[in-house]
Structures are given as structure tokens and as C-alpha cells.
Amino acid sequence: MKRHNYSAGPCILPQEVFQEASQAILDFNNSGLSILEISHRSKDFVDVMEEARSLALELLGLEGKGYKALFLQGGASLQFLMVPYNLLQTKAAYLNTGTWSTKAIKEAKFFGEVTEVASSADKDFKYIPKGYFIPSDVDYFHCTSNNTIYGTQIKEFPNTPKPMICDMSSDIFSRQMDFSKFDLIYAGAQKNMGPAGTTLVVIKEDILGKVDRSVPSMMDYRVHLNKASMFNTPAVYAVYVSLLTMRWLKKNGGIAGIEEQNEKKANLLYSEIDINPLFEGYAEKKDRSNMNATFNLINDDLKESFDAMWKEAGINGLNGHRSVGGYRASMYNALSLESVQVLVDVMSELERKA
Ligand code: PLP
């Protein structure tokens with residue numbers, strides 16, 4: 001039985017992408033070789049990398065606007081320090097909306113002063129702060145578009161003349177927005193894109209080269225850009241599978257098409273959380289994430305029955321993050337509306353039985 005996978009990662013992809021990806025392990029492009037054994041300098045793989053880089057920009061609507069895409073290693077966590085290494089001269093502004101922003105702030109402090117413009121730590125990161133002020137003397141402003149653990153999502157980004165940097169690891173390619181508001185976007189592949197091991201970094205080139213420090217080669221965005229994302233051996237398979245997912249996304253209506261699906265899925269689940277008296281949402285309603293819905297049982301005595309019921313229905317990965325508890329339904333691009341209906345049916349069945 002195909003499971004309804006609500007896991008927060010890694011990595012949730014459409015079945016047809018998994019099929020194509022497995023075929024390429026046996027025989028890539030009818031070459032008689034596996035994608036895992038071809039040279040990363042071969043034309044076949046250079047073509048994969050180039051298509052992946054340009055398709056990422058195309059899907060984000062950033063072609064011809066001064067941006068370049070890279071597929072780097074080290075996860076989003078390495079970007080927590082590559083961003084300040086390359087961009088922080090004296091001071092940077094950070095919005096703290098959860099665990100991942102907190103980690104990004106910690107790394108930035110190795111390179112300069114950090115101004116936390118606002119934080120939702122006072123209410124266990126259940127909301128997105130609004131109306132904060134970004135000082136004019138900072139080198140950049142950094143935020144996290146979707147808080148995977150707490151289930152909140154920024155709906156409106158501030159207007160700032162300063163470069164805006166965004167960690168979009170858990171909602172990249174899931175909703176439409178004006179991506180040209182951002183000067184650097186990074187996202188670990190392992191939610192909506194591909195297997196863990198590669199990180200998409202989209203950079204507006206003109207923000208680089210403004211810090212005084214020497215940047216070691218592997219940390220330097222300009223080195224990776226000059227080498228067309230092939231400075232060292234890239235994560236060949238992770239980049240290839242990310243390309244397959246991006247092709248799938250393009251074929252299925254691009255970000256606009258998937259956004260419509262994602263809204264339907266989120267509306268269906270949140271409506272059940274709100275009308276079913278046995279459950280309550282974790283995040284404040286106005287800031288709820290369409291990717292990660294966090295919720296709790298009001299009466300923990302029902303936990304055993306509920307857990308048995310959703311497992312019996314073929315649902316996987318519904319437990320909340322260890323730091324928050326409760327439940328987290330991650331509804332990445334590849335999860336179908338039908339899978340969300342299965343969860344909603346289990347929740348209403350619990351209500352009938354209770
Ligand atoms: N940022 C966000 C929003 C995440 O959800 C995660 C992981 O889930 C990370 C950063 C860390 O990513 P990585 O494990 O690729 O370093």
C-alpha cells in the first residue's frame with residue numbers, strides 16, 4: 001500500500017519522479033551507465049546541472065533579472081554561515097521566528113553584530129512578528145519564510161532597501177510571490193525538491209564582493225558562480241532528482257498550479273482542526289503554514305486511539321517535532337489532496353467514536 005506521507009522530510013516527491021529517478025540509477029539516458037557512475041564533468045551531467053540551474057530561475061520568475069542559481073552542498077545549515085561570510089561587513093538584521101532563524105543568528109554572530117529586529121520566542125514561536133523596523137545601517141535583512149517546526153509562515157514580507165535574504169527551505173516552489181524582492185534565497189532540497197545533499201542558492205550577483213574579509217574558496221559564492229556550480233564534485237544524484245522534480249512542477253502548472261493545490265489541502269485540514277472539538281491548532285490562525293500544520297489533541301487520553309487509527313489508515317510521519325510535541329502534518333507539494341482527505345476522515349471518525 002502506498003503510504004500517505006506527512007513526514008517533514010527528507011524527501012517527499014511525486015511517485016513519477018521516484019520512478020524516473022530509480023530508472024536513472026540503472027541506466028541513465030540509455031547510456032548503459034548509472035547516473036551514479038557517470039563523470040560529473042561529462043556532457044550528460046553538465047547538461048543536467050545547467051538545466052537545473054536555469055529551470056530553478058524560470059520557475060521563480062527570475063530569468064534575465066541579474067540572478068544566478070547554484071546547487072551547493074552542506075545543507076541550509078551551511079548557508080547560515082555562508083551568508084554572513086559573504087555579506088556581513090559590520091551589522092545584519094535578523095527576524096527570529098523559530099529554531100532555524102535562531103541557528104542562523106548564532107552563525108552570523110561569528111562575523112559581526114546582529115540586530116534581532118523582532119522575535120516570537122515570547123509565545124513559543126506561535127506567530128510571525130509584524131511592524132518591526134529594519135535599521136538603515138545594516139548590510140542585509142534575513143528571514144525564514146516557513147517555520148517547519150512550529151508551523152508558521154510569513155505571508156507578507158517587508159519592504160526594505162537593504163538586501164533581503166530568505167531561508168525558504170521548507171516552502172520553496174510551493175506558493176507564488178514576487179521573488180525579485182529577495183537578493184538571496186536558499187533552500188535545502190529535501191522537502192519540495194529532491195534528496196538531501198544539495199541546497200539551492202539563488203543570488204542576485206550585484207550584492208557580492210562588498211565585504212573586506214578574505215573568503216575561503218568553498219565558502220565563496222563568487223568561486224561557485226565562476227565554476228558554474230562545479231567548483232568541486234557536486235551532489236550529482238541529488239541535483240538530478242531535483243531537476244526531475246522541477247520538470248514535474250513545470251509540467252503541472254508551475255508554482256501557480258501547485259499553490260492552488262496546496263491551498264486546497266491546507267484549507268481542508270485546517271477546517272477540520274477548527275471544527276473538530278477534539279483538536280486545536282498550535283500556530284496563530286493568521287500565520288498558519290500551508291506546508292506544516294501543527295496541532296494537538298485537547299484530551300491526551302485519546303492519543304493511543306488516534307495514533308492507532310491514523311497508522312491503520314496508512315498515514316506516516318504525523319508526530320510533531322520533538323521540541324514541540326503534538327502533531328505536525330507536513331503537506332509538501334507531492335502530497336495529494338486525497339491523502340489529506342484520509343487524515344481528515346480519521347480525525348472526524350475519532351470524534352464520532354469519542
Ligand atoms: N531551515 C529550515 C526552514 C529547515 O526546515 C531546515 C531543516 O529542516 C533547515 C534550515 C536545515 O536544513 P539542513 O538540514 O539542510 O541544514
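Predicted model: local features only at pLDDT ≥ 70, side-chain atom pairs only at ≥ 80, totals over all residues.

Reader: How many bridges join strand 12 to strand 14, and do they run parallel or antiparallel?

Author: Strand 12 (residues 292-297) and strand 14 run antiparallel and are joined by 4 bridges. They belong to an open sheet of 3 strands, in the order 11-12-14, with antiparallel pairing. Strand 11 and strand 14 each have a single partner strand and stand at the edges, so one side of each lacks a neighbour in the sheet. On average, neighbouring strands of this sheet are turned by 35 degrees against each other, direction ignored.

Reader: Which strands pair with strand 8?

Author: Strand 5 (residues 141-144) pairs with strand 8 in the parallel sense over 4 bridges, and His142 stands opposite Ile165. Strand 9 (residues 184-188) also pairs with strand 8 in the parallel sense, over 3 bridges; here Cys166 has Ile185 as its bridge partner.

Reader: Let us turn to helices. Which residues of helix 9 are buried?

Author: The general idea comes first. An α-helix has 3.6 residues a turn, so residues three or four places apart point the same way. In helix 9, the residues Ser339, Val340, Leu343 and Met347 are buried. Viewed down the axis of helix 9, its buried residues fall within an arc of 110 degrees, so they line one face. The face turned away from this buried side carries the exposed residues Leu337, Glu338, Arg352 and Lys353.

Reader: Against what do the buried residues of helix 9 pack?

Author: Their packing partners include helix 7 (254-275), helix 8 (303-312) and strand 14 (327-330).

Reader: At what angle do helix 1 and helix 6 pack?

Author: Helix 1 (residues 15-26) and helix 6 (residues 236-251) pack at about 145 degrees, their axes 10 Å apart. Their crossing is right-handed. Among the residues making the contact are Val17 and Ala21 of helix 1, and Leu244 and Trp248 of helix 6.

Notes
Residues numbered from 1 in each chain as written. Pairing = 2+ DSSP bridges. Helix = DSSP H or I, 4+ residues; strand = E, 2+ residues; numbered from the N terminus. Buried ≥ 20, exposed ≤ 12 C-beta atoms within 10 Å, placed from the backbone. Arc of directions from axis to C-beta. Contact = placed C-beta atoms within 7 Å. Axes fitted to C-alpha atoms, helices over the stretch in contact; angles between N-to-C directions. Left-handed = near helix turned anticlockwise from the far one by under 90°.
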